[in-house]
Amino acid sequence: MDCCTVDSLYLLMGRELEELDEVPSGNVLGGSSATISTSPACPPFTPLNFEATPIVRVAVEPKHPSEMPKLVRGMRLLNQANPCDEVLIQETGEHVLVTAGEVHLQRCLDDLRERFAKIEIRASKPIIPFRETVIRPPKVDMVAVIHQVKEEQTKYPKGVQVDSTGLVTLTTPNKMATAGVRAIPLPEEVTRLLEDNVELIRTMEQFNLFAWEDKTLDINQKILEDIQDFKVKLESNLQGRKWRGAIWAFGPRRCGPNILLNKKETEKAEIRDFDNSIASGFQFATLSGPMCEEPLMGVCFSVETWDMKLSAPLAQQDSIDEDSQAAEPKNDDQMRVLTLTRRALTEAGAVRCYGPFSGQLIAAMKEACRYSFQAKPQRLMAAMYTCEIMATAEVLGKQFVQSLEKGPYTMQRGNSSPRSLIES
């Protein structure tokens, strides 16, 4: 859902658009594929159905750096005019355009130059993104697997322990938290279900955020029913002992096809204050995998062990640091007291060189997810297109039809018209 202001109204006249001052109720006005409503709880009349998923991406920049605002505005207009493309900003600050193919990419770049941005732009070479995932270990001799794990144990840094089952145990630098994480491949049905319900997951995340801030979010009854149906399907597909636990978060970007599972739900109260840090580490790990820094897909990270050893000096240290920054010591006695206090806190385990405890927790959770991912058989997933070709029977030669029937294709002939549907 986007909040916007309608600036212009048009009447659809075939390929042309006629501008209007007003549109009476009961008429269909031209625009992007959306349902316009004054109430945010109004569901769309018709769901958006896209024929293809954009996978070809390029980095776009203006020829003259001073024209960057025009490029940003032009890419926003292009995204509104073409629902099959995506416009986003990478973590590196690059403006990325994602399209459905090479022909679509060229069309979008031409529209960006001539219609929307009206500036000279430079685009990088097209890149096809990958996805990283894990699969079930092969059924081989367990003795060989144990020896392989012992050999790979030397590759991990000090403080990281990996057992023969793939459970990774990692401790924060200040020795106050120890987490055990295991990577489990998600069933294909669950991965597909998460991909098809991205918007529902975003709505659930927004609802949880409002509930955390003691605010209310008005949600349509139909959307609530869809969320409940999504939860029922997810629970039915995650049956078994290894899936017992509470779903902590989805990732990356809190709506992706990866799950963070909390198997220590009974002890969640002791780490309730650090939920955001643990979830942030999971988000970073799923956004950039260890194989080639591509997003993860179809992976469940299960938090199976957790040990938290918090002490009062940790919280006191942050408050003393804030006070010391706000007011500098006025004499030698105050300086001496402050120095002794900091030294006592350091000896208690709160080492300042590693930074705040929340940052250590984020980094530890990220590394634990990455090492548990590497402890399983890794696979790199490439995008594939499913193409449907429709043509009359006259243009299909007899030899061509026979070759298709012998190959890995399926053909369907309609009863009312001599048309053939070839799906590859």
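The model is predicted, so local features need pLDDT of at least 70 and side-chain atom pairs count only at pLDDT 80 or more, while totals for chains, interfaces and linings use all residues. Residues are numbered from 1 along each chain as its sequence is written, and side-chain values use heavy atoms, with hydrogens and water left out.

Overall first. The chain has 11 helices and 17 strands; these are DSSP runs numbered from the N terminus, with helices being H or I of at least four residues and strands E of at least two. Of the 424 residues, 33% are buried. Buried means under 20% relative accessible area, exposed means over 50%, and partly exposed lies in between, with a 1.4 Å probe and protein chains only. Take contacts, meaning heavy atoms within 4.5 Å: among those between residues at least 6 apart in sequence, 67% join residues at least 24 apart.

Six strands form an open, mixed sheet in the order 8-9-10-13-12-11. Strands count as paired if DSSP finds at least two bridges between them. Strand 8 (160–162) and strand 11 (246–251) are the edges, each pairing on one side only. Inside the sheet, strand 9 (residues 168–171) and strand 10 (residues 177–185) run antiparallel and are joined by four bridges. Thr169, for instance, has Gly180 in strand 10 as its bridge partner.

Next, salt bridges: a side-chain nitrogen of Lys or Arg within 4 Å of a carboxyl oxygen of Asp or Glu. The whole structure has 11.

Arg192 and Glu188 form one of them, at 2.8 Å from N to O. Both sit in helix 4 (residues 188–196), four residues apart, about one turn. Arg192 is partly exposed at 41%, and Glu188 is exposed at 56%.

Lys222 and Asp226 form another, with the closest N and O atoms 3.4 Å apart. They are four residues apart in helix 6 (residues 221–237), so about one helical turn separates them.

Which parts of the chain does the pair Glu205 and Arg254 link? Their salt bridge has its closest N and O atoms 3.7 Å apart. It links distant parts: Glu205 is in helix 5 (residues 198–212), Arg254 in the loop between strand 11 and strand 12 (258–262), 49 residues apart.

Last, His104, in helix 2 (residues 102–116). Is His104 buried or exposed? Its relative accessibility is 18%, so His104 counts as buried. Leaving aside neighbours within four places in sequence, His104 contacts Asn82, Cys84, Asp85 and Thr99.
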